[in-house]
Amino acid sequence: MKIFRRIVLGIVIIIVLVGLVLTVNGYCVYKDALKEMPLTDKVASIQAKENYAKIEEMPKMYKDAVISVEDHRFYEHGGIDFIALGRALFNDIKAMKYVEGGSTITQQLSKNIYFTQEKKITRKVAEAFMAMKIEKEYEKDEILELYLNTSYFGDGYYTAKEASNGYFDKELIEMTDYESILLAGIPNAPSVYAPTKNPELAKQRQKQVMTKMIKYKILTQEQADKILSQHE
């Protein structure tokens, strides 16, 4: 029994030490990123982009769809959603591989503007530190605005405004509910869900977004059916 306890204690100590090393390394990556370009300068450079769109230019349906599918507790957490993180960790362990990230919109913004798309733990830790800093310095709507101006939508479109103009030939605010929900699903996998590449897969993704919106009571099933029926 004593040997078993010592083994368990040894494993716990190793886990704690590994966690500490990863945290320190991630924090160093985060600090190095800020040294290269402070957050305020990074944000200013994004806002200066030609096709930057203010949050007021985006339909409510589009914003609701994005939040529903990407981070439905966006307005409640401080940059990290520990409930989503715990669920993702459980699913990853169950699958014995990386299948779910649990990243919030703020963490995704951190990745978009500072870090790479690599699925490395150190980078994820740095991303978390950056997300907490962003949350301290910017309002939620500012964060959402920045996220939608730094996400990739496929076909060479790097802002929601570019994507709306390119896919629908209209300004963001002019998008229909159908188009808004369709656009909200694309950044998850732009090469797969771009409507010009795979229209059927784009529609399947749109239905997944709608399912989330129904789950979180943004839409009723009847409203969702009506939106889809207008484009049959």
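**Exercise 1. Burial and overall fold**

Determine what share of the 232 residues in the protein chain is buried, and describe the secondary structure of the chain.

*Solution.* Step 1: in this predicted model, buried residues account for 45% of the 232 residues of the protein chain. Step 2: the accessible surface of the chain is about 13200 Å², of which carbon and sulfur atoms supply 58%. Step 3: the secondary structure consists of twelve helices and zero strands. Step 4: for contacts between residues at least 6 apart in sequence, 64% join residues at least 24 apart.

**Exercise 2. A covered helix**

State how many of the ten residues of α5 are buried, and work out which residues are in contact with Ile 113 beyond its neighbours within four places in sequence.

*Solution.* Step 1: helix α5 spans residues 105-114 and contains Ile 113. Step 2: nine of the ten residues in α5 are buried, which leaves the helix mostly covered. The buried residues include Ile 105, Leu 109, Ile 113 and Tyr 114. Step 3: the relative accessibility of Ile 113 is 11%, so this residue counts as buried. Step 4: when neighbours within four places in sequence are left aside, Ile 113 is in contact with Leu 39, Lys 42, Ile 46, Ile 134 and Thr 150. Step 5: Ser 151 lies 38 residues from Ile 113 along the chain, and the C-alpha atoms of these two residues are separated by 9.3 Å.

**Exercise 3. Aromatic pairs**

Classify the ring pairs Tyr 30 with Phe 129 and Phe 74 with Tyr 75.

*Solution.* Step 1: a pair of aromatic rings is described by the distance of the centres and the angle of the planes. The structure holds eight aromatic pairs. Step 2: for Tyr 30 and Phe 129, the ring centres are 5.7 Å apart and the planes stand at 25°, so this pair is stacked. Step 3: Tyr 30 belongs to helix α1 and Phe 129 to helix α6, so their pair ties together parts 99 residues apart in sequence. Step 4: Tyr 30 is buried, at 9% relative accessible area, whereas Phe 129 is partly exposed at 22%. Step 5: for Phe 74 and Tyr 75, the centres are 4.9 Å apart and the planes stand at 70°, so the pair is edge-to-face. Phe 74 is buried at 0% relative accessibility, and Tyr 75 is partly exposed at 45%.

**Exercise 4. Charges over rings**

**Exercise 5. Salt bridges**

Describe the salt bridges of Arg 123 with Glu 127, Glu 179 with Lys 170, and Lys 203 with Glu 200.

*Solution.* Step 1: the structure holds nine salt bridges. Step 2: in the bridge between Arg 123 and Glu 127, the closest N and O atoms are 2.1 Å apart. Arg 123 is buried at 9% relative accessibility, and Glu 127 is buried at 1%. Step 3: these residues are four apart in helix α6, so about one helical turn separates them. Step 4: Arg 123 and Glu 127 are linked with Lys 124 in a network of salt bridges. Step 5: Glu 179 and Lys 170 meet at 3.1 Å, N to O, and Glu 179 is buried at 10% relative accessibility. Step 6: Lys 203 and Glu 200 meet at 3.9 Å, N to O. Lys 203 is partly exposed at 34%, while Glu 200 is exposed at 52%. Step 7: Lys 203 and Glu 200 are three residues apart in helix α11, so about one helical turn separates them.

**Exercise 6. Positive phi in loops**

Locate Asp 169 and Lys 217, and give the phi angle of Asp 169 and of Lys 217.

*Solution.* Step 1: most residues other than glycine have a negative phi. Step 2: Asp 169, which is not a glycine, has a positive phi of about 55°. Asp 169 is placed in the loop between α8 and α9, and is exposed at 69% relative accessible area. Step 3: Lys 217, also not a glycine, has a positive phi of about 65°. Lys 217 is placed in the loop between α11 and α12, and is exposed at 74%.

Notes. Residues are numbered from 1 along each chain as its sequence is written. This is a predicted model: local features need pLDDT of at least 70, side-chain atom pairs count only at pLDDT 80 or more; totals for chains, interfaces and linings use all residues. Side-chain values use heavy atoms; hydrogens and water are left out. Rings of Phe, Tyr and Trp (its six-membered ring) pair if their centres lie within 6.5 Å; planes under 30 degrees apart count as stacked, over 60 as edge-to-face and the rest as tilted. Helices (H or I, at least four residues) and strands (E, at least two) are DSSP runs, numbered from the N terminus. Buried means under 20% relative accessible area, exposed over 50%, partly exposed in between (1.4 Å probe, protein chains only). Contact means heavy atoms within 4.5 Å. Accessible areas come from the Shrake-Rupley method with a 1.4 Å probe; for residues, only the protein chains shown count as cover. A salt bridge is a side-chain nitrogen of Lys or Arg within 4 Å of a carboxyl oxygen of Asp or Glu.
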